[in-house]
Amino acid sequence: VMQQVPAPFAAEVYLAGARFAVGHGYIGEFNVCQTQLLDVLHACSTEVQAEVHAARLLYLAVTAQHSEHGAALQQLADEDVLQHPAVRRARGATRALTLGLPGRFFSALCAPESPPLLRSLAAAC
């Protein structure tokens, strides 16, 4: 945990850590990074915020943390990030996962326009 570090720098470090962890299949470490990212996300661009929220929704769905997934969606209901294409893509993928449609799940996440973190998370599944 990075303490007393400026939020923009901490956000960059945690985002890099999350991307590395997912890219190498370290889902537990990804969870640590994305949890820490939530505290400094305000310092990030809208694109990064959307990517992190989308990855969080996907992580919570894949790990069957349904109550946390619902709470994360509720939190996003108040933010304009909810309508971002990355978040909409993650919501569609989690819907496909819930409905037992693995083909739709992976096609939603592995598309070239998906953010790197989502593509990596899908590959780790």
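Chat about the cavity, core and helices

Me: Which residues line the largest cavity?
Reply: This is a predicted model, and in it the lining of the largest cavity is made up of His53, Arg56, Leu57, Ala72, Gln75 and Leu76.

Me: What's the volume of that largest cavity?
Reply: About 40 Å³. Searching the whole structure turns up one cavity of 30 Å³ or more.

Me: Which helices supply at least two residues each to the lining?
Reply: Helix 3 (46-62) and helix 4 (66-76).

Me: And how do the lining residues divide into nonpolar, polar and charged?
Reply: Three are nonpolar, two are polar and one is charged.

Me: OK, switching to the core. How many residues has the largest nonpolar core?
Reply: That core has 39 residues, and Phe30, Leu37 and Val87 are those with the most contacts inside it. Two or more residues each come from helix 1, helix 2 (27-40), helix 3, helix 4, helix 5, helix 6 (102-110) and helix 7 (116-124).

Me: Which helix gives the largest share of this core?
Reply: Helix 3, with nine residues.

Me: What does Leu37 touch, not counting residues up to four places away in sequence?
Reply: Leu37 touches Ala11, Tyr14, Leu15 and Val52.

Me: Now Cys44. Where is it found, and is it buried or exposed?
Reply: Cys44 is in the loop between helix 2 and helix 3. Its relative accessible area is 14%, so Cys44 is buried, the cut-off being under 20%.

Me: What is Cys44 in contact with, leaving aside neighbours within four places in sequence?
Reply: Ala11 and Gln49. There's also a C-alpha separation of 9.6 Å between Cys44 and Phe9, which are 35 residues apart along the chain.

Me: And Glu12, buried or exposed?
Reply: Glu12 is exposed, because its relative accessible area of 56% is over the 50% cut-off. Glu12 is found in helix 1 (residues 7-23).

Me: Last one, helix 5. Why does its end-to-end distance agree with what it should span?
Reply: Helix 5 (residues 85-98) has 14 residues, so at 1.5 Å a residue it should span 20 Å, and its end C-alpha atoms are 20 Å apart.

Me: Which residues of helix 5 are buried?
Reply: Ala86, Val87, Ala90, Ala93, Thr94 and Ala96.

Key. Residues numbered from 1 in each chain as written. Predicted model: local features only at pLDDT ≥ 70, side-chain atom pairs only at ≥ 80, totals over all residues. Heavy atoms only, no water. 1 Å grid on protein atoms, 1.4 Å probe; cavity = no way out; pocket = protein on both sides within 12 Å on 5 of 7 lines; lining within 4 Å. Points joined across faces, edges and corners; volume = space filled by probe spheres on them. Helix = DSSP H or I, 4+ residues; strand = E, 2+ residues; numbered from the N terminus. Nonpolar A, V, L, I, M, F, W, Y, C, P; charged D, E, K, R; others polar. Expected span 1.5 Å × (residues − 1). Buried < 20%, exposed > 50% of the residue type's maximum accessible area, 1.4 Å probe, protein only. Core = buried A, V, L, I, M, F, W, Y, C linked by side-chain atoms within 4.5 Å. Contact = heavy atoms within 4.5 Å.
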